[in-house]
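Here is a colleague's note to read alongside the model. Please keep the viewer open and look up each residue as it comes up.

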Amino acid sequence: MFSRLLTQSFRRDWRRKLLAILTIALATTLMTALASLSIDVGDKMAREMKAYGSNIHVVPKSESIPLVIGGVDYNPLTGRDFLQEADLPKIKDIFWRNNITGLSPFLPVKVAMTRAGDGGDTGSEVQLLGTYFKKPIKVEGSEDFMTGVTTTNAFWRIDGAWPAEGALDEVAVGEGLARNRAIAAGDTLSLAAQDGGAPRKVTVTGIVTAGGAEDGQILAPLALAQDLSGHVGKVASVDVTALTIPENDLSRRARHDPSGLDAEEYDTWYCSAYVSAIVHQIEEALPDASARPIWQVADSEGVVIGKIQLLMLVVALAAFASSAMVISSLLNTAVMERSREIGLMKALGASRAAILALFVGEAVVIGIIGGLIGAAIGAGLAQVIGVTVFGSAIAFPAIVILVVVVGSVLIALAGSILPSRTIAGLAPVETLYGRR
Amino acid sequence: MLQGSIETYEEFEVSDPEKPRAVIETKGLTKSFGALKALDGIDLVIREGEFVSVMGPSGSGKTTFLNIISCLDRSSAGTYLLDGIDVSTMREKERAVIRRERIGLVFQQFHLIPYLSALENVMLAQHYHSVVDTHGARAALARVGLAEREAHLPSQLSGGEQQRVCIARALINEPSMILADEPTGNLDAENERLVMELLATLHREGRTIVLVTHNPDLAERTDRTIRFEHGRRVDNSGRL
């Protein structure tokens, strides 16, 4: 009988029910899309933010010894100790290797620069920064890994072309230096190492805008810097970009002292993509290196992603509340229209719970149907957003469907609270005789 | 038992142990709507198995009285004993139990659910009483002469047929009392006769029946008539 009442209620009042279902579907579409994005936005945003710079800086261990007095670094080993270029593939061999999305080695060299045509100018001292631009490196057991500043510093812009990888006669010049010295792409420069080695003639392939100190430097293939400095096979530092998850209490404790964690905590930390865990693993892979998170980047990622997720939650809650109010209004109108019917049921001895069950049953059916429709549309919308905003599809966990359908039933139930109170307040004698 | 007699107030007051037990007993029953008193101190007793008519002009309070004794409404003052139990102070939940367990209601406006068939309208009362029994519901419809019309919606039935569905719904749970409010008010003569025959049959089976009507011819077919005027009981001369 209950199902008959429920079915008939839908059949004879299908327009209002359809409107309620569409309302729920609209809200759950939004909730599904936001839930899917919220789950995947961490990775997506982290990838996006990696375009704005690396988040891990690796230097020789000797340089990590703090010896700064009055702001002046008195560490005698600074600039004198190096990492081995041949060890770079080891960074891609750690536990979280798949989260390492880029790396760039650096070797700074002070050189005397003379522009061709400047006559007898003895040259001014500038910094030349040797690095990879776009260089695949061999990684054991997997495909070649693309390294270089075009990956780790994707926001750098070049007017012209990047120097050829490994070339000893091509450089790019920072925008500030080029402006000061009137250097343009295609110019020829003469670079001499400070130890007095033979000067090298190089061609400027492009002007780089980096927005940092690099704008006043010459950017050269690592091989040229090694050749000019005499440090063949060596690099001074490596910047690494890694996909990380926001820090929490566990990772903050581990950052200060990993040995202070118990075995279970250590496993959890080690097997999570915290920046501190990845740094720890890089130091395990390169025993002579010291890896340091660039906290401004690592922390801001977590903060930004956290704020985006909070924003999504607020929007989802707003959708929840507004659709619950619409449902409440629709159901309340239905209750008032069916007040005589409700009065009859009460006159026949129906308990308040039995009548409420009918309306709550309707709400649940509306919630389930609307939720399923909304979940399907929302899944599609999430993909559209993913492709449009992030350039790739959004992962869609099946649990989202369950959560969203339960959420939509809760919307419908929340919307039936006020109508339920109306039902409770209907006196059979008033409704049967049309006094209400 | 005198057909169509209109009892006097004094007659009602006499307590006779030989008479059947009182199923409805009101003392000082009053119902006010603001300053208006729809019922003003009604004292009466209706005994088990009686077929009582309640008569009076429009606005005399007879429907208000029926609503209170059927537990659809509450009195403003006074007491109402149903089978010796004071129901005037009961909570709504308990009154709902009384309505479904002991009272069968017949309305002038029928009050059938428009989207349920005749059979389903009868089964609705079963649904709220205990369990749905299709055979029992069919038997109830057969009893009111509507076995062939069970699948029809109310809109497909005549007024008389709708009222008979209403009577079938009222008796499906075997109530001890049938309370009918102008059950023939919207019917033609033939259907009026059919409905009154049904009520008479239910009375012969031992049920207590209270019939609210303004039709003296119908009142004459009951055991006795209680007359209301301006919310008060009067005797056949209109005396308070």
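Predicted model: local features only at pLDDT ≥ 70, side-chain atom pairs only at ≥ 80, totals over all residues.

1. Chain B in outline. The secondary structure of chain B comes to 8 helices and 11 strands. The chain has 240 residues, and 54% of them are buried. Take the contacts in chain B between residues at least 6 apart in sequence: 72% of these join residues at least 24 apart.

2. The largest nonpolar core. In soluble globular proteins, nonpolar side chains tend to be buried together. Here the largest nonpolar core has 107 residues. The members that touch the most other members are B:Ile24, B:Phe65, B:Tyr80, B:Leu141 and B:Leu199. Apart from this core lies another, of 48 residues, which includes A:Leu107, A:Phe145, A:Ile183 and A:Ala236.

3. A closer look at B:Tyr80. Which residues does B:Tyr80 touch, not counting residues up to four places away in sequence? Among them are B:Ile24, B:Leu29, B:Ile68, B:Ile69, B:Cys71, B:Ile85 and B:Val87. The list also includes B:Glu25, B:Thr26, B:Asp86 and B:Ser88.

4. The interface, by area. On the chain B side, 23 residues are in contact with 23 residues of chain A. The two chains bury about 2,300 Å² between them, and 66% of that is on carbon and sulfur atoms. In chain B, the residues that lose the most area to chain A are B:His111, B:Tyr115 and B:Tyr128, which together account for 33% of what that side buries.

5. The interface, by pairs and elements. How many salt bridges are counted between chain B and chain A? The count is 1. A:Arg4 and B:Glu120 meet through their side chains in a salt bridge, with an N to O distance of 2.1 Å. The rule also finds 4 residue pairs in polar contact across the interface. Helix 2 (62-69), helix 3 (92-102) and helix 4 (118-129) of chain B each supply at least two residues of the side that touches chain A. Helix 4 of chain B gives the largest share of that side, 6 residues. By class, the side of chain B that touches chain A has 13 nonpolar, 4 polar and 6 charged residues.

6. B:Glu50. This residue is found in the loop between strand 3 (36-47) and strand 4 (51-55) of chain B. Is B:Glu50 buried or exposed? B:Glu50 counts as buried because its relative accessible area is 12%, and the cut-off for buried is under 20%. Leaving out residues up to four places away in sequence, B:Glu50 touches B:Val45, B:His203, B:Arg207, B:Thr208, B:Ile209, B:Asp223 and B:Arg224. The C-alpha atoms of B:Glu50 and B:Ala22 are 9.8 Å apart, and the two residues are 28 residues apart along the chain.

7. Helix 10 of chain A. This helix (residues 339-347) is mostly covered, with 8 of its 9 residues buried. Among the buried residues are A:Ser339, A:Glu341, A:Ile342, A:Leu344 and A:Lys346. Just after helix 10 of chain A, A:Gly349 takes a positive phi of about 100°. A:Glu341 is also linked with A:Lys17, A:Arg338 and A:Glu362 in a network of salt bridges.

8. Salt bridges over all chains. Side chains of opposite charge can pair when their charged atoms come close. Over all chains the count comes to 29 salt bridges. One of them joins B:Glu190 and B:Arg193, whose closest N and O atoms are 2.6 Å apart. These two are 3 residues apart in helix 7 (residues 189-204) of chain B, so they are separated by about one helical turn. B:Glu190 is partly exposed at 42% relative accessibility, and B:Arg193 is partly exposed at 34%.

9. Two further pairs. A:Arg97 forms a salt bridge with A:Asp93, with the closest N and O atoms 3.9 Å apart. A:Arg97 is partly exposed at 36% relative accessibility, and A:Asp93 is partly exposed at 48%. In chain B, B:Lys37 pairs with B:Asp40 in a salt bridge, the closest N and O atoms being 3.8 Å apart. B:Lys37 is partly exposed at 44% relative accessibility, and B:Asp40 is partly exposed at 21%.

Note on methods. Residues numbered from 1 in each chain as written. Chains lettered and ligands numbered in written order. Heavy atoms only, no water. Core = buried A, V, L, I, M, F, W, Y, C linked by side-chain atoms within 4.5 Å. Buried < 20%, exposed > 50% of the residue type's maximum accessible area, 1.4 Å probe, protein only. Contact = heavy atoms within 4.5 Å. Buried area = accessible area lost by both parts, 1.4 Å probe. Salt bridge = Lys/Arg side-chain N within 4 Å of Asp/Glu carboxyl O. Polar contact = N/O pair within 3.5 Å; in protein donor to acceptor, adjacent residues only side chain to side chain. Helix = DSSP H or I, 4+ residues; strand = E, 2+ residues; numbered from the N terminus. Nonpolar A, V, L, I, M, F, W, Y, C, P; charged D, E, K, R; others polar.
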